Amino acid sequence: MSARKAINLKMLSEALGLSQTTVSRALNGFPEVAEKTRARVIEAAERLNYRPSPSAASLATGKSRMIGHVVSLSEHIMINPHFADFIAGAGEVYGENGYDILLRLASLEEQEGVYRDLVDDQRVDGVVVHGPLTGDSRIGLLNALGLPFVVHGRSDEEGADYCWMDVNNRRAFHRATKFLLDLGHQRVALVNGLETMNFADRRRQGYEVALEEAGIVLDEQLLHSADMVEPYGYHATRALMDLAEPPTAIVVASVLPAMGVTRALADLGLRAGEDVSIIAFDDCLSFLQSGYKGRTPDIPYFTAVRSSIRDAGKRVAQMLLERIENPAGPLQSELWEADFVIGQTTAPPRRR
């Protein structure tokens with residue numbers, strides 16, 4: 001059965017025998033419209049599949065019905081599979097609530113000007129801040145501009161003066177590192193994301209605390225930090241395995257570089273899990289599930305600390321729309337815990 005064709009404001013007005021102004025005011029809650037008329041208009045709009053045009057809704061409500069996403073495009077690129085899954089989740093919520101997305105690419109240095117332009121032009125009702133740095137200046141700017149926003153992540157420890165949603169990265173990487181240490185590994189490497197970003201900084205903190213608790217001295221040779229892409233994981237692993245005393249286990253900041261780690265091990269004639277243990281942070285990417293391959297199909301391939309970035313996108317979008325509707329309301333913050341899933345890439349260290 002084909003979908004019903006949507007009608008516009010003019011067609012709805014003609015069907016009701018009312019002026020377009022009256023119908024628009026009834027749909028947008030203006031108090032001068034009688035309740036009996038409002039109920040009649042709403043019933044007809046639902047029955048006849050009325051869909052308002054964005055421009056008409058903007059004029060009636062004073063809102064653009066647009067959400068801004070300003071993402072970095074400089075020495076590192078936030079337009080990647082992680083962002084794609086995040087925006088898919090957020091876009092689902094926006095669509096359900098009659099909002100569209102305005103996407104801008106800009107370096108961090110250019111983003112202040114972009115935010116100011118968005119406010120001056122009244123192009124968006126709110127924005128999502130991506131990839132927060134530790135002590136990120138964008139947060140103070142947006143507070144000063146008065147533009148509703150939610151941060152995906154955090155810029156500082158408390159996050160007391162802005163809305164944010166984050167994963168407990170410090171605890172996730174503490175747990176992953178401790179799991180490997182409890183298996184008997186003494187040489188555990190960290191293939192991290194860019195540590196200027198707050199999430200990666202927290203992940204390193206969790207890793208370091210686990211080593212300290214186990215009485216193991218931090219070895220800087222076992223630490224790598226860069227963009228979370230597959231080639232980075234490959235080259236970092238080749239460098240690690242060339243050490244005089246290579247690691248027996250590696251904690252990886254994303255499933256994408258973790259694929260590079262396994263490729264490097266394979267080139268060296270080594271097997272993940274049997275020769276070198278791997279734990280990855282898995283964002284449950286829609287196009288790449290960690291259990292998509294492996295020696296035992298019923299068990300995920302990567303042992304992973306796992307959190308859905310698509311679900312994060314949905315929740316951040318919900319928080320932002322709530323903020324737009326109630327800009328003077330209390331600031332919201334949510335800290336999610338990552339799941340720990342044991343797969344096929346971890347085992348006690350083999351004797352050399």
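This is a predicted model: local features need pLDDT of at least 70, side-chain atom pairs count only at pLDDT 80 or more; totals for chains, interfaces and linings use all residues.

Q: What's the phi of N49 like?
A: Positive, about 65°, although N49 is not a glycine.

Q: Is N49 buried or exposed?
A: N49 counts as buried because its relative accessibility is 10%. The cut-offs are under 20% relative accessible area for buried, over 50% for exposed and partly exposed in between, with a 1.4 Å probe and protein chains only.

Q: And what about Q122, where is that?
A: Q122 is in the loop between α6 (108-120) and β3 (126-129). Its phi is positive too, about 55°, and Q122 is not a glycine either. Q122 has 67% relative accessibility, so it counts as exposed.

Q: Switching to helices: how do α6 and α7 cross?
A: The axes of α6 and α7 (residues 137-145) come within 11 Å and cross at roughly 15°. That makes α6 roughly parallel to α7; angles under 35 degrees count as roughly parallel, over 145 as roughly antiparallel, 65 to 115 as roughly perpendicular and the rest as oblique. Axes are lines fitted to C-alpha atoms, for helices over the stretch in contact, and angles run from 0 to 180 degrees between N-to-C directions.

Q: Which residues meet there?
A: From α6 you get L108, Q111, E112, Y115, R116 and V119, and from α7 R138, L141, L142 and L145; contact means heavy atoms within 4.5 Å. By class, the contact of α6 with α7 has six nonpolar, one polar and three charged residues. Nonpolar covers Ala, Val, Leu, Ile, Met, Phe, Trp, Tyr, Cys and Pro, charged covers Asp, Glu, Lys and Arg, and the others, Gly among them, are polar.

Q: What does α7 lie across?
A: α7 lies across β3 and β4 (149-152), running at about 165° to β4.

Q: How about α1 and α2, what's their packing angle?
A: α1 (residues 9-16) and α2 (residues 20-27) pack at about 105°, with their axes 9 Å apart. That makes α1 roughly perpendicular to α2. L9, K10, L12, S13 and L16 of α1 make the contact with Q20, V23, S24 and L27 of α2.

Q: OK, sheets now. What's the strand order in the six-stranded one?
A: The order is β2-β1-β3-β4-β5-β11, an open sheet with parallel pairing; two strands pair if DSSP finds at least two bridges between them. β2 (100-106) and β11 (333-336) are at the edges with a single partner strand each, so one side of each has no neighbour in the sheet. The twist averages 15° from one strand to the next.

Q: How many bridges join β1 and β2?
A: Seven, with β1 (residues 66-72) and β2 pairing in the parallel sense. M66 stands opposite D100 in β2.

Q: Last one: how covered is β9?
A: Mostly covered: six of the six residues in β9 (residues 277-282) are buried. S277, I279 and F281 point one way, and I278, A280 and D282 the other. Four bridges join β9 to β8 (residues 249-252), and the two run parallel.

How values were computed:
Residues are numbered from 1 along each chain as its sequence is written. Side-chain values use heavy atoms; hydrogens and water are left out.
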